[in-house]
Amino acid sequence: ADMNAWEIMLSESQERMLAVCVPKKVDAALEVCRRWECDGVVIGQVTDTGRLVVRHNGELAADVPVMPLTEEAPVYHPPAEEPDSPGALGELPVLKNDDVVETIKKVLSSPTVASKRWAFGRYDYQVQTNTVVVPGVGDAAVLRVRGGDKRADKFVALTSDCNSRYTARDPFVGGQIAVCEAARNLVCTGAEPAGLTNCLNFGSPEKPKVFHTFRQCIEGMTEACNALSIPVTGGNVSLYNETEGAAIPPTPMIGMVGLIEDQAHITPSGFRASGDLIYLLGEFASTVAGSEYMKVIGSADCLESRLRGSLPDWDIEQEAAIQQRLLQSIRAGLIASAHDVSEGGLAVALAECCILSPGRLGAKVALPPADDLATQLFGELPAQTVVSVSAANQQHFEQIWRDAGIPLFLAGEVQEGPLQLGDFGVISVEQLHESWTRRPY
């Protein structure tokens, strides 16, 4: 009550939000505030004067033109310099068939991929009784928003994603991937992405190479948001993150929420039933650059190679088409499970689908021949999605994807027993689970 006008207008308290409503919906918006015991008050209206007029206690406190504060505001252009090229991957150790099983277990055990239960299990992640999909079992958490009297319940899915190694190699593509992976995780859960926030963590923008990376990353994020029609509701920028003059890897963390209007559309990551067909959606991986495999293989002669390798061109339009068709297939009741291929590549995605299935089902998967076994099993780009479909839904499902001209590959089927990857190896789901749940610290 004792704040003056400039304090109210310029303070940066994070507990306030500004909403613009059409007049006929103001009462409904305020009712939502009252329902959730939040303060809500009308403070003004939009005009066509081009001026921001502020009154406080009946007195004029400010009357300024809007354009100099927005579109005509001065823009600072710091010097920007493209960082050195990451260089070619070079010759890597050949992954042999006999080494596939142990390599899968090793990647599953890495801190990035392994179960985070050791951390989130220390906290109460139940929100009253509204946590529908708990952490660690799906591509996104899901919370119920109770409808109350005469209102149907709705569901909100939440996720956060980023791979700083991608952004370090190509900040534009890395920014795109961060947005796309978060959106893909929501869609795999059955949610339509509704909005994102971010935390952009970089070194000093006064250094030309850092500023170039920062700018390119934001431009990549912008293109992805436009292609996927996802608004940015806010965010945070953390700069000057350096140790002894060395900047942290560029890390654009993306937090995203999505809406599920029907509980029947909530889709698990784990396989559901023996005999279900396993499909891969999207192009096969073309590189191990920036992958978790490159981080953890641990061979002394390829330590330098972990920091090398260019990313492939990212087809943002195909990404948008895949997500749209996947959500369509889920809402049509054709998808039994869905899990995106990200850290760890296809081998890890299939392993997680088995680990997270009821009764820990296995799978028999046959992949097409490839010159590079490591890329085939552990490459992460371009991204794919693993889905399972009942035999009864096969024809309808395939028709949707063929009509859209999107790559679709029938890889195998869910089965009782182990995970069998063609001729590359057989591994029990119990072994996979043991590696995945091994505490990394």
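**Exercise 1. Is the crossing of α6 and α7 right-handed or left-handed?**

Start with the ground rules. This is a predicted model, where local features need pLDDT of at least 70, side-chain atom pairs count only at pLDDT 80 or more, and totals for chains, interfaces and linings use all residues. Residues are numbered from 1 along each chain as its sequence is written, and side-chain values use heavy atoms, without hydrogens and water.

*Step 1.* Locate the helices (DSSP runs of H or I, at least four residues). α6 covers residues 171-188 and α7 covers residues 208-228.

*Step 2.* Read the geometry. The axes, lines fitted to C-alpha atoms over the stretch in contact, lie 6 Å apart at an angle of about 40°.

*Step 3.* Assign the hand. The crossing is right-handed: the near helix is turned clockwise from the far one by less than a right angle.

**Exercise 2. Describe the contact of α6 with α7.**

*Step 1.* Pick out residues in contact (heavy atoms within 4.5 Å). α6 supplies P171, F172, G175, Q176, V179, C180 and A183. From α7, the residues include T213, M221 and L228.

*Step 2.* Sort them. The contact has 10 nonpolar, five polar and two charged residues; Gly counts as polar, and Cys and Pro as nonpolar.

Methods. Axes fitted to C-alpha atoms, helices over the stretch in contact; angles between N-to-C directions. Helix = DSSP H or I, 4+ residues; strand = E, 2+ residues; numbered from the N terminus.
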